[in-house]
Amino acid sequence: VMDEPTEGLAPVIVAQVEEMLLRLADEGEIDVLVIEQNIGVACGVADTVAIMVNGRINRTAPARDLAADRDLQQRLLGVGRHGHDDTPAPEAAPAAGADTGPVKIYLSNPQRPTRWSAPVPVEQIERTARLVTTAPLPGIATQPDLRPLAAPGAEVVLVAGTLDTKGEELRFIRDLIRAAGLPVRLVDLSTSGAHSGAEIPAHQIAAYHPRGAAGVFTGDRGTSVAGMTEAFARWIVRQDGIAGIISAAGSGGTAIVAPAMRALAVGVPKLIVSTVASGEVRQYVGAADIMMMHSVADVQGLNVITEEVLGNAAQAMVGMVQARKAARPRMAGKPAVALSMFGVTTSCVQQVTAALRADWDCLVFHMTGIGGQSMEKLIDGGKVAGVIDVTTTEIADLLMGGVFPATDDRFGAMIRTRMPYVGSVGALDMVNFGAPETVPARYAGRTFYPHNPQVTLMRTTAAECADLGRWIAERLNRMEGPVRFLLPEGGVSALDAPGQAFHDPKAREALFSALEMHTRQTPARRITRVPHHINDPGFAAALLEAFRSLHDTPRTARKKDRKP
């Protein structure tokens, strides 16, 4: 446990302390708890940051998210930019003497705290923020932002990769796209520090690392690749005017470009020509709409094979970009609602979508691990106005080692966006494995159901269901938006019903009791038992009632607008 280890130290010593902490995490079997006021150090050494108010944990957040979000830092901690921070400002600085307009000033403790003070709610901090209007002092130079990718309203195609090793191939792709009449920019992601002549050189990308270029050009290949990966992802989310992005790479270059592509909105064309594309690509594609093309031969020089493959990739990018430009703008229609489904909860979701279809655009996601991530990516991106999370089965695979696991960030999008949440326990009676011989030996003697020759389902026990209930409750407690979580007393899946293979009232009760015991229920956060099976019409009706209680339907809103 280290309490403010960098207090009063010179910057060079602070850097040595950071490196020592990272070595402890990487090389030793030691967990380190650091209490630190230097936000750069805290975010640089930790995966997760907990923010304390009056001696109590007020909120936790991924370190990279906090480091990248200046507004969040200001709102939660009352900090601004620091002199040691090399990260480019997210917005261009105003001209000297120009009025910057009103600025909100936040105080994490609007009243003088005492040792007995309760944590200050975020809403109170927002209410007590004061507005000031300031102008910069004349004659003081400000750091300019990077030039925009394209003129206002225009878009360009990005050809991104490590030009020190793949320069010939990437320029070949660039030239084909340019010959098709599309504006294109080369983005250099090299970690050698050498000059490449790219329109967007590597040092400009590296400046977006939380520690600046020093966090990328380290001299160690592993840390340099990791640093450039983080810097490129941070750079790309701050750019406008991206018509599409394409790369050609080996395993290292693919690892650098993929996270940045995943950060782009769904629909922006994304294509990677890679030596790893014929294998398991889930770690690269994730929840995004990334297209991967196998390079066949290694991406190492131009030859009869690579020219054919890279040429096809370039023309595919040209076709996607041109088709998007030519497409008629989609008229603003119904708001979107996300629904989670598995085969054993299909009937429930079909009933709900049938009832909502007139007023809502229903987006159904198959809960196979990536399905939940895709759903929450759209929620984080603001593309979804509501959610009915019927099927939370991925959590069982996460905790019990199944093949369709959620990540630890399941429910994170609802927590971050404060979206009204309607959820349930669909298919938490099962863990998914592959063929029978792939089931771990520790589960010998359990209740199994062969869904098909490649998928074997295992019934969760009462103890496991209690663990699931506690895990979900902890996430529900972190949701600041309204929550309606429904428990189907008749069964949680098609297999959890009288006469079916997974019918187990004791396990079901253990799940429900754990949820009720560990969830801090309030008027805004409710756990409700429903005396129906999850696929019965009565349960679908209860979901619809809960959803409509949190959302005005578009039709209802239109009727209200017509009232005098």
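Buried here means under 20% relative accessible area, exposed over 50%, and partly exposed in between, with a 1.4 Å probe and protein chains only. Cys348 has a relative accessible area of 0%, so Cys348 is buried. Cys43, at 12%, counts as buried too.

A word on the source. This is a predicted model, where local features need pLDDT of at least 70, side-chain atom pairs count only at pLDDT 80 or more, and totals for chains, interfaces and linings use all residues. Residues are numbered from 1 along each chain as its sequence is written, and side-chain values use heavy atoms, with hydrogens and water left out.

How many disulfides does a search of the whole structure find? The count is zero, taking a disulfide as a pair of cysteine sulfur atoms within 2.5 Å.

Now the helices, which are DSSP runs of H or I with at least four residues, numbered from the N terminus. Axes are lines fitted to C-alpha atoms over the stretch in contact, and angles run from 0 to 180 degrees between N-to-C directions.

Helix H16, residues 462–478, packs on helix H17, residues 505–518, at about 25 degrees, with the axes 7 Å apart. That makes H16 roughly parallel to H17, the term for angles under 35 degrees. In contact, meaning heavy atoms within 4.5 Å, are Cys465 and Leu468 among others in H16, with Ala510 and Leu511 among those in H17.

The axes of H8, residues 221–236, and H9, residues 251–263, come within 8 Å and cross at roughly 25 degrees. H8 is therefore roughly parallel to H9.

Definitions and conventions
Helix = DSSP H or I, 4+ residues; strand = E, 2+ residues; numbered from the N terminus. Parallel < 35°, antiparallel > 145°, perpendicular 65-115°, else oblique.
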